[in-house]
Amino acid sequence: MELDGKVCVITGANTGIGRVTATEIAKRGARVLVATRSEEKTKAVLADIAAAGGKAEWVALELGDLASVRRAARRYSSSAASVTASAPPVRDATGSWHASQ
C-alpha cells in the first residue's frame with residue numbers, strides 16, 4: 001500500500017506497535033505526525049524514520065489533557081496537507097500490506 005502524499009497521525013508512536021506503525025507508514029511514503037507526550041523520548045523514532053528516507057515530525061499530545069488535545073487538533077488542521085485518517089495497515093500471510101477494516 002503506497003501512501004505518497006498522505007499525512008497520518010500516529011499516537012504513542014515512540015514505543016511498541018505505535019513506533020512500528022509510524023515507521024512502516026513513513027516507509028510507504030506518508031508524512032507522519034508522531035503524537036506523543038515526550039519530545040525527548042520521540043527523537044529516536046524520528047531519527048529512524050529519517051534514516052529510512054521517511055518524513056516525520058513530532059506533535060505534543062497528552063490524551064488525558066483536553067487543552068493538549070485541542071492544541072494538537074489545531075496543529076493538525078493547520079497542516080499543509082489534510083490528515084488521512086486510517087487504521088494501521090495489516091500484513092497478510094503472504095507479506096502483503098492491506099488497509100485494516
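This report covers the sheet, the helices and the salt bridges of a predicted model.

## Basis of the model

Residues are numbered from 1 along each chain as its sequence is written, and side-chain values use heavy atoms, with hydrogens and water left out. Because the model is predicted, local features need pLDDT of at least 70 and side-chain atom pairs count only at pLDDT 80 or more, while totals for chains, interfaces and linings use all residues.

## The sheet

3 strands form an open sheet in the order β1-β2-β3, with parallel pairing. Strands (E, at least two residues) and helices (H or I, at least four) are DSSP runs, numbered from the N terminus. Two strands pair if DSSP finds at least two bridges between them. β1 and β3 stand at the edges with a single partner strand each, so one side of each lacks a neighbour in the sheet. On average, neighbouring strands are turned by 25° against each other, direction ignored. Axes here are lines fitted to C-alpha atoms, for helices over the stretch in contact; angles run from 0 to 180 degrees between N-to-C directions.

Strand β1 (residues 7–11) is joined to β2 by 5 bridges. V7 stands opposite R31 in β2, and I10 stands opposite V34.

Strand β2 (residues 31–36) is largely enclosed by the rest of the structure, because 5 of its 6 residues are buried. Buried means under 20% relative accessible area, exposed over 50%, and partly exposed in between (1.4 Å probe, protein chains only).

## Crossovers and helix packing

From β1, the chain crosses through helix α1 (residues 16–27) to β2, and this β-α-β crossover is right-handed. β2, helix α2 (residues 39–51) and β3 also make a right-handed β-α-β unit. Right-handed means that, with the strands pointing away from the viewer, the path from the first strand over the helix to the second runs clockwise.

Helix α1 packs on the sheet and touches β1, β2 and β3; its direction makes about 170° with that of β1. Contact means heavy atoms within 4.5 Å. Helix α3 (residues 66–77) lies across β1, β2 and β3, at about 150° to β3.

## Helix α1

Helix α1 has 12 residues and reaches 17 Å from its first C-alpha to its last, close to the expected 16 Å. The expected span is 1.5 Å times one less than the number of residues. Buried residues in α1 include G18, T21, A22 and I25. Just after α1, G29 takes a positive phi of about 105°.

## Salt bridges

The structure holds 6 salt bridges. Each is a side-chain nitrogen of Lys or Arg within 4 Å of a carboxyl oxygen of Asp or Glu. D48 and R19 form one of them (2.5 Å, N to O). This pair links distant parts of the chain: D48 in helix α2 and R19 in helix α1, 29 residues apart. D48 is partly exposed at 37% relative accessibility, and R19 is partly exposed at 24%.

K27 and E24 meet in another (3.4 Å, N to O). They are 3 residues apart in helix α1, so about one helical turn separates them. K27 is partly exposed at 48%, whereas E24 is buried at 16%. E24, K27 and R28 are linked in a network of salt bridges. In helix α2, E40 and K43 are also 3 residues apart, and their closest N and O atoms are 3.2 Å apart.
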